[in-house]
Amino acid sequence: MALRGAWQLQKLIVSFSDWGGSSRGIRSFMESYLPVFKEKNPQLEVVTELIRGQHPHLKGFYKNKSERVVCVKNMDPEEVLQYATRLRNSLGRKVVKLKTRHVTKHPSVQGTWTTDVKF
Amino acid sequence: MFMANRRRLQVLTRHASALFSTNTTFQSLQTPPPLPIYQPLKTLTSKFPLIFTNPDPNWSQIRHVSSSRIGDVNEDNEHSEEEDDDDDDDDDDYYDDDEAVGDSEDESVSGCGSKREYTAEEKEAEAAAIGYQVIGPLQKSDRVFKPYEPVFAVLQIGSHQFKVSNGDCIFTERLKFCEVNDKLILNKVLLLGSSSQTIIGRPLLPDAAVHAVVEEHALDAKVIIFKKKRRKNYRRTKGHRQELTKLRIVDVQGIEKPEVPEKPPKAPGKKPEKVAVAA
């Protein structure tokens, strides 16, 4: 996501295994979708990492120093792409239940209503 | 006098419809002329705008109310509702209702396919129904993020309404056809206000627009749906994460913005103090 136009995801690690069956999807993702994804997101540093004997995952590092890991075992390349895009589209904030869907610094323009206000 | 005229017209139209109903092929085409009845009412309503007066001197200016409307369909429906105290014009209303039902059905059908391909026009139409319009990606050269202006708008996105001003963040249900960093125009504005005036739409303000930038497509926190029937050994849990879109409001247009005289005077006012303290 982009906060005031600045992309928050800085680094994406694509970890896979060249042998395991659960990495089949991510291997074809790296052939077909990853180059395009890299091109579309020049602000993003994409690193591939080979770890044998583990399920594949995506790991994102955000500007606010948080990181997010998504397991992508046994997924289709399309699903992997969806998760990668979702990492890119998010801000890296903690996932908490929203208290309000409207965040403002200036709650009232015409003055807060109280029982004393006479019209 | 006016009422008498109306009665006469109604009687006339009733006669006319009775005449036409004998001829079945004609009936579908027949529409009693509604205009002469509706027109005077319109002018009547527009002669008396809503004026808010206020003893408070800050508020004492006359509120401007926009009298223009958008959406001819809405207008007609409203007027027919206003006039339906008498038991006439039923034919018309039935036709209207049928059309409305047909429209909504079309929408639901088009909305249910999740993986269907949309053409550009369809995308635009659906976006307009929700209340936004995509302009394009935000360029680095764009200077859209401005300091706060004391102006607010009440706007509708989908079925939610928000009171926003410049610099606010709102979370809406996921907006389908926009990417992160796109610029949007939100055009379903219901009310505009500044510290001195308020503009109320009836129901919408056609000339107003709110500009926003898409900041995030993200998932909300997980909600657990738990079903249980007692004594039946039945328990189901299901997780759900709602997709949300975070928008940052960039600009509110359609109302004259008061100059921001408060802040610049304050800033100089503070600076001398600091200097004095430092000295």
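A charge sits over a ring if NZ of Lys or CZ of Arg is within 6 Å of the ring centre and within 35 degrees of the ring normal. Before you click, know that this is a predicted model, where local features need pLDDT of at least 70, side-chain atom pairs count only at pLDDT 80 or more, and totals for chains, interfaces and linings use all residues. Residues are numbered from 1 along each chain as written, chains are lettered from A and ligands numbered from 1 in written order, and side-chain values use heavy atoms, without hydrogens or water.

Start in chain B. Select B:Lys163 and B:Phe152: the charged end of the lysine is over the ring, 5.4 Å from its centre. Then pick B:Lys229, which lies over the face of B:Tyr234 at 5.0 Å from the ring centre.

Now hop to chain A and show strands β3 (residues 9-16) and β5 (residues 57-62), antiparallel and joined by 6 bridges. (Strands are DSSP runs of E, at least two residues, and helices are runs of H or I, at least four, numbered from the N terminus; two strands pair if DSSP finds at least two bridges between them.) Click A:Leu12 and its bridge partner in β5, A:Gly60.

In the hairpin of β5 and β6, with 4 residues between the strands, A:Lys65 takes a positive phi near 70°.

Last stop: A:Ser90, in the loop between α3 (77-89) and β7 (102-103) of chain A. Buried or exposed? A:Ser90 counts as buried because its relative accessibility is 2% (buried is under 20%, exposed over 50%, partly exposed in between; 1.4 Å probe, protein chains only). Show A:Tyr62 too: the two side chains make a polar contact at 2.8 Å (a pair of N or O atoms within 3.5 Å; within protein, one must be able to donate a hydrogen and the other to accept it, and residues adjacent in sequence count only if both atoms are side-chain atoms).
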